[in-house]
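Me: Could you walk me through this structure with a few questions and answers? I am new to this, so please go step by step.

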Amino acid sequence: MKAVSRRRAILALRSALPGLTDSGPARWRFSDPKRASLEVAVGLVDDWALFAARADGVPFMFRAHGLSPWGMLLWHTEVPPSVRCALSAGSRAFSVRGELPVAALDAPSVRCRIEEMCRGFRHIAAKFLPDASQRPAAACERPISGSSPRPAAAAPGPGEEAPGARPDVASVVRAAGWNFSERASGILAVELDVPHGVEPALVSAAPEGGLSLSVELARFEAIPDACRAAIGIFLLELADGLRGIRPMVREDGGSCAITLAALVPTVHELHGALAATAVAYRISCEEIRALRDVSIAKAYSEARNWSV
Amino acid sequence: MPEHNIIRERFLRRQYREGMAFAKESDILALRLASPQDEAPWRYVAGFRCRGLVQFTPRDVEVTDYFEVGIRYPHNCMNRMDSLSCLAFLGPPGAFSPHIRAPFVCIGRLRGGTPLVEICLRLFEVITWQRFSLLETRSLSREACRWGRAHLAELPVDARPLRRRDFSLEVEEVEDAEAMEGGAA
């Protein structure tokens, strides 16, 4: 990141978050106004502002209470899309994180996006931090001062969608320079360039505003527990290195589908999200295929300090 | 029955259910079992009533409106699938696309356990030139690649989605016949 844009990013962050305090070079923290014990650490790395939840001053890393890595991926479908759980390599504790591209820090909707992220942090904290259940639910719905509770209510900036506006998905994808075909009304299949061909990523207008993007990594009719555990660990470690994309698992009547999904709040971020999804697909599809082998899966889990 | 056969059979029955439900939502796709007497549904004939191209002589590329492809799920389909062993282009003869050279049709990389609906969607995209590569090293017909480069503005040949588009129609009641005539005038 260039020095000028870095300075601008810091100013934008300070303007969006008046309570920001320094905690090191290019690192800050602020307290969630709706939950004082929940701190959010902010760091600038490359072109991204990284947000990580902290509880009582220490990184909010938790051992899942009864949730396996696979269960965590299933639970991801219920968590607000701006945040995700991740595993650091070799660790058995999950961390909670989210991020914004530095270019988005200048946009008028940045407060709403940060508030949305805090809502996600609170959602996860409510499940895993013991005092969460004692707090009144209404308190968790108050927005950060000066922001609206949901990004859809944000005032549109130049080049941003008006609140509630449904973007013309085809023209947005065309403008981003990607090939696509229409799969159904409002659902486009964008061709991601992956090894040995192309893989369709489905792009559609998201109900919460912006675009939703998903690509199926694998689908299983039945899968042994050892493989579930290993794939879960692998995908949560992958989530540690991804930006704006999160792995999810959906189970339906015995079969399960593993997808990489992203919510793209503004049309300018679509190209980056598609490119990142293609990279994530490339580095994970063969690994998941290999982890369907029970012996490989068990060896992988053990090497990662998880035994099944 | 070995467990892998039970899993495969469950998978095949699911594909049948999902495939037939999808065909009902399409005005273009007609899906039928190639061998209904089999215990598990593993072979299909997919008919596509859509615009695509055929070539009978080198200079004569024409539009036609019906295509058929055979789809089969081999024994190891849960682990491995590819266009060569799973698909057979049945007609019409002379079908013209960079990814069709009857009986071969290539719809890209298939994962083990690729859903029937996904296969039909990709076949449709290849037939209608919604999805194509003009790189001759990545195609089955150099002639089609050359033709495609020269006719990019005419592509795709059929831009409809395979699943029927949502359609909402608001009907207003007209009070009397005079109002109707007035509206017509």
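Me: Among contacts in chain B between residues at least 6 apart in sequence, what percentage join residues at least 24 apart?
Reply: Keep in mind that this is a predicted model. Two residues count as in contact if their C-beta atoms lie within 7 Å. Take the contacts in chain B between residues at least 6 apart in sequence; the share joining residues at least 24 apart is 59%.

Me: What radius of gyration does chain B have, next to a compact globule of 185 residues?
Reply: The C-alpha atoms of chain B fill a box of roughly 70 × 50 × 25 Å along the principal axes. For a compact globule of 185 residues, the radius of gyration would be near 16 Å, whereas that of chain B is 21 Å.

Me: What percentage of the residues of chain B count as buried?
Reply: Buried here means that 20 or more other C-beta atoms lie within 10 Å of a residue's own. Of the 185 residues in chain B, the buried share is 36%.

Me: In what pattern do the helices and strands of chain B follow along the sequence?
Reply: Chain B has five helices and eight strands. Reading along its sequence gives α-β-β-β-β-β-α-β-β-β-α-α-α.

Me: Now for chain A: which are the edge strands of the open sheet of six strands?
Reply: The order in this sheet is S9-S10-S11-S12-S14-S13, with antiparallel pairing. Each edge strand pairs on one side only, and in chain A these are S9 (180–184) and S13 (246–252).

Key. Residues numbered from 1 in each chain as written. Chains lettered and ligands numbered in written order. Predicted model: local features only at pLDDT ≥ 70, side-chain atom pairs only at ≥ 80, totals over all residues. Pairing = 2+ DSSP bridges. Helix = DSSP H or I, 4+ residues; strand = E, 2+ residues; numbered from the N terminus. Rg over C-alpha atoms; globule rule 2.2 N^0.38 Å. Buried ≥ 20, exposed ≤ 12 C-beta atoms within 10 Å, placed from the backbone.
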